[in-house]
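Thanks for asking me to look this one over.

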Amino acid sequence: MAEHDIRDNRPAGLLEAYEDGQVAGRIVYFTLDATPAALVAVHTVVEPTHAGKGIAGALVREFYTMAAREDVPVVPLCPYAAKWAERHPDEAPAAPLELVRAAEEQLKAKPELW
């Protein structure tokens with residue numbers, strides 16, 4: 001599987017995978033406004049022309065790696081990220097239920113985060 005050029009665009013809430021200079025996929029996310037903080041994955045999408053190349057999995061793996069570097073948990077509200085986490089429990093520790101609830105409430109209060 002090829003390595004992907006993945007870049008964090010924190011101000012826009014995007015973790016983006018590039019291929020040939022073009023965005024091939026992204027995770028839409030936000031930082032939880034709570035203590036402790038968390039990174040919240042809301043949506044994962046891969047452009048149709050890039051499907052089947054492992055981009056979505058690479059994005060989620062990098063998202064968890066990024067959170068580990070920042071010493072914060074991940075709340076995978078995105079169905080793809082949640083399924084990936086279930087399949088990779090050694091790389092994707094489960095978020096405490098109170099953080100999941102806080103993330104759901106923040107997203108409900110600020111739907112523009114999605």
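The points below go from the overall fold to single residues.

1. **Ground rules.** This is a predicted model, in which local features need pLDDT of at least 70, side-chain atom pairs count only at pLDDT 80 or more, and totals for chains, interfaces and linings use all residues. Residues are numbered from 1 along each chain as its sequence is written, and side-chain values use heavy atoms, with hydrogens and water left out.

2. **Fold.** The protein has 5 strands and 3 helices, in the order β-β-β-β-α-β-α-α along the sequence. Helices (H or I, at least four residues) and strands (E, at least two) are DSSP runs, numbered from the N terminus.

3. **Overall dimensions.** The radius of gyration is 13 Å, which agrees with the value near 13 Å for a compact globule of 114 residues. That radius is taken over C-alpha atoms, and the globule rule is 2.2 Å times the number of residues to the power 0.38. Along the principal axes, the C-alpha atoms fill a box of roughly 40 × 30 × 25 Å.

4. Of the 114 residues, 41% are buried. Buried means under 20% relative accessible area, exposed over 50%, and partly exposed in between (1.4 Å probe, protein chains only). Among contacts with a separation of 6 or more, 50% come from residues 24 or more positions apart; a contact means heavy atoms within 4.5 Å.

5. **Surface and charge.** The mean positions of the 11 positive and 18 negative charges are 3 Å apart. Lys and Arg count as positive and Asp and Glu as negative, while His and the chain ends are not counted; each charge is placed at NZ of Lys, CZ of Arg, CG of Asp or CD of Glu.

6. **Helix α2.** Which residues of α2 (residues 79-87) are buried? They are A81, W84 and A85. Seen down the helix axis, the buried residues fall within an arc of 100 degrees, so they line one face of α2; the arc is that of the directions from the helix axis to the C-beta atoms. These buried residues pack against β4 (39-46), α1 (55-70) and β5 (74-76), whereas P79 and E86 are exposed on the other side.

7. **Two buried loop residues.** A92 sits in the loop between α2 and α3 (97-109) and is buried at 6% relative accessible area. Not counting residues up to four places away in sequence, A92 touches Y64, W84 and A85. H50, in the loop between β4 and α1, is buried at 13%; with sequence neighbours up to four places away left out, H50 touches E19, A24 and I55.

8. **Backbone details to look at.** Most residues other than glycine have a negative phi, and most peptide bonds are trans. T35 and P36 are joined by a cis peptide bond, with omega about 5 degrees, and P36 lies in the loop between β3 (22-31) and β4. D20 is not a glycine, yet has a positive phi of about 55 degrees; D20 lies in the loop between β2 (14-19) and β3 and is exposed at 76% relative accessibility. D71, also not a glycine, has a positive phi of about 60 degrees; D71 is in the loop between α1 and β5 and is exposed at 71%.
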